[in-house]
Amino acid sequence: MGETMPRVLGAAAVLAALAVVLPTAAVAAAGERGGGGDGGGGGGGGGKYDWKLVHAEDFSRFKPAGDTGWKPDKDGPGSPYDVDGYDNDGEYFKTIGGEAFEEHLAGIDLYRRSFEFGKGGWLTAELATRDKGEGVGKGGPSFSRKVLDGAGPAGYFDNPGHNDAVVVRSTDELPAEYRVEVTLKTIDFGGQRNGEWDYDGKVNGYQPTGCTTNFPWGASGDFTPEECDWFDITKDSNGFYFLSIMDYARPAPHNNVFIHNHRKVVMDGYNRYKYTGNGLRYCDAESGELQPYEWGSGNGVNMIFMNKDRRYANQPGTEYVMHSECGTEVGGGIVSQADLMPEMMPEQSYEFAVERRSDSYVLELKGEFRHVGERTLRYEQEFDDGVNPLWHHNRKAGDYNGEHNADWTYPSPNGTYVDEDVWPKGSAYPDYFLIGQPHMNFYEGSAHIDDIRMYVPGKR
């Protein structure tokens with residue numbers, strides 16, 4: 001999840017207050033793998049969805065194409081990664097961070113790399129790192145093919161440092177209706193292993209270097225200290241994006257503040273080290289009751305729809321709509337719908353899927369989960385149900401009339417940043433999927449995936 005947080009405070013200090021409890025979400029039957037069945041029945045199409053497979057990647061072969069190599073890039077004007085004021089060099093940080101932020105950024109050498117793979121280049125890997133004085137790319141992030149003992153070939157995310165990042169995305173904009181699936185084979189981005197948070201010489205999945213902070217992209221707070229005096233993330237949170245839909249072209253690693261403003265829906269892990277507060281909870285799918293964070297192992301999956309509201313008063317981030325077998329909550333403490341069992345992988349794997357229908361998104365998760373056993377968890381949310389319009393759901397300008405537009409204002413001691421027209425009439429936000437670790441100042445670890453598939457509607 002990578003909750004945005006001030007430099008000087010822990011994440012618990014920025015979690016919103018009380019949850020709004022709404023009626024339980026309808027949970028549809030799961031669609032059959034391979035594009036058959038109704039993919040959940042009814043829904044946006046007004047009838048059955050007979051999904052047709054159009055792309056598939058199983059990593060039996062892996063031939064990257066168009067590799068750019070490592071190139072310097074700070075998201076500045078003219079960069080293909082330049083998006084808005086929340087970019088790595090964005091006006092948001094220049095305003096609230098002042099001269100201190102600009103001095104810090106000037107001292108960081110940021111680099112990017114990308115390449116396509118899969119039949120016709122339908123998938124793209126995007127990587128980012130900093131030059132740590134050892135040469136760019138040496139010991140840095142990578143995406144490659146690995147063969148797992150007894151489990152066959154897989155795509156391998158290697159993200160060895162918290163200021164590295166690596167994702168896989170759809171090369172092209174997704175169509176008006178689709179289903180995307182990915183199978184997770186292993187995951188090592190924190191959480192407990194056999195009841196322990198510290199394992200294999202790591203702390204919640206991080207190598208304990210003594211200087212693992214969110215520098216230089218604080219969501220708020222004092223920007224003047226040097227890097228190692230910033231917020232220590234080692235004993236706060238680690239995580240991974242199992243499957244997310246983003247709202248802008250060419251999704252790639254950015255700072256965590258940027259990422260939190262550009263998600264439409266997400267299924268991710270937000271693994272909080274030894275957390276004991278009420279800002280994170282689990283849903284016990286067996287009993288239908290919410291449980292404290294200690295009930296799980298810190299390997300929760302958060303299946304979240306973003307709505308039009310701000311999650312925080314003093315920093316960027318859209319609000320969460322969270323359906324589960326325990327009901328529906330909007331805002332407040334995060335609800336994890338299930339707890340993964342990394343110790344059982346790769347023999348145990350997990351299947352994630354996102355569907356976009358004519359008027360809704362669907363999030364789906366299949367596997368065997370701690371405490372509740374084998375499950376298919378599936379939740380659907382309309383683009384605009386009159387209560388929780390989903391953030392930037394319109395792919396085309398004609399699909400939206402500007403009724404949820406606003407200016408978002410962020411005051412700070414260094415000045416006030418105003419994000420004008422956050423959702424104006426005439427805007428359009430293409431869908432792209434993203435898998436991996438997109439934060440350039442949070443998270444560290446590795447993961448294996450396979451069976452990335454994309455479907456479009458067939459017969460109805």
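In which strand is the place of Lys 71? Lys 71 sits in strand S3, residues 71–72.

The views below come from a predicted model, in which local features need pLDDT of at least 70, side-chain atom pairs count only at pLDDT 80 or more, and totals for chains, interfaces and linings use all residues. Residues are numbered from 1 along each chain as its sequence is written, and side-chain values use heavy atoms, with hydrogens and water left out.

**View 1. Lys 71 and strand S3.**
Strand S3, which holds Lys 71, is a DSSP run; strands (E) have at least two residues, helices (H or I) at least four, and both are numbered from the N terminus. Lys 71 is partly exposed, with a relative accessible area of 49%. Here buried means under 20% relative accessible area, exposed over 50%, and partly exposed in between, with a 1.4 Å probe and protein chains only. Apart from neighbours within four places in sequence, Lys 71 is in contact (heavy atoms within 4.5 Å) with Leu 110, Tyr 111 and Arg 112. Between the C-alpha atoms of Lys 71 and Ser 114 the distance is 9.6 Å, and 43 residues separate the two in sequence.

**View 2**
Two strands pair if DSSP finds at least two bridges between them. S3 and S4 run antiparallel and are joined by two bridges; Pro 72 has Tyr 111 in S4 as its bridge partner. Strand S4 (residues 110–117) is mostly covered, with six of its eight residues buried. Eight bridges connect S4 to strand S5 (residues 123–130), and these two also run antiparallel. Arg 112 has Ala 128 in S5 as its bridge partner. S4 and S5 make a hairpin with five residues between them, and Gly 118 in the turn has a positive phi of about 85°.

**View 3. An open sheet of three strands.**
The order of the strands in this open sheet is S15-S14-S19, and the pairing is mixed. Strands S15 (289–292) and S19 (334–336) stand at the edges with a single partner strand each, so one side of each has no neighbour in the sheet. On average, neighbouring strands of this sheet are turned by 40° against each other, direction ignored. The axes are lines fitted to C-alpha atoms, for helices over the stretch in contact, and angles run from 0 to 180 degrees between N-to-C directions. Strand S14 (residues 280–284) is joined to S15 by four bridges, and the two run antiparallel. Opposite Cys 283 stands Leu 290 in S15.

**View 4. The disulfide of Cys 283 and Cys 326.**
The sulfur atoms of Cys 283 and Cys 326 are 2.1 Å apart and form a disulfide, a term used for a pair of cysteine sulfur atoms within 2.5 Å. With 95° about the S-S bond, this link of Cys 283 and Cys 326 is right-handed. The pair links distant parts of the chain, 43 residues apart: Cys 283 is in strand S14, and Cys 326 is in the loop between strand S17 (318–324) and strand S18 (327–330). Cys 283 is buried, with a relative accessible area of 2%.

**View 5. The disulfide of Cys 211 and Cys 228.**
Cys 211 and Cys 228 are joined by a disulfide, S to S 2.0 Å. The link of Cys 211 and Cys 228 is left-handed, with -105° about the S-S bond. Both cysteines lie in the loop between strand S11 (202–203) and strand S12 (237–246), so the pair ties together parts that are 17 residues apart in sequence. Cys 228 is partly exposed, at a relative accessible area of 48%. The count comes to two disulfides, and with the bonded cysteines numbered in sequence order the pairing is 1-2, 3-4.

**View 6. Aromatic pairs.**
The whole structure holds 35 aromatic pairs. Rings of Phe, Tyr and Trp (its six-membered ring) pair if their centres lie within 6.5 Å; planes under 30 degrees apart count as stacked, over 60 as edge-to-face and the rest as tilted. The rings of Phe 215 and Trp 230 have centres 5.3 Å apart and planes at 85°, so this pair is edge-to-face. Phe 215 is buried, with a relative accessible area of 5%, and Trp 230 also counts as buried, at 5%. The rings of Tyr 400 and Trp 423 have centres 4.6 Å apart and planes at 15°, so this pair is stacked.
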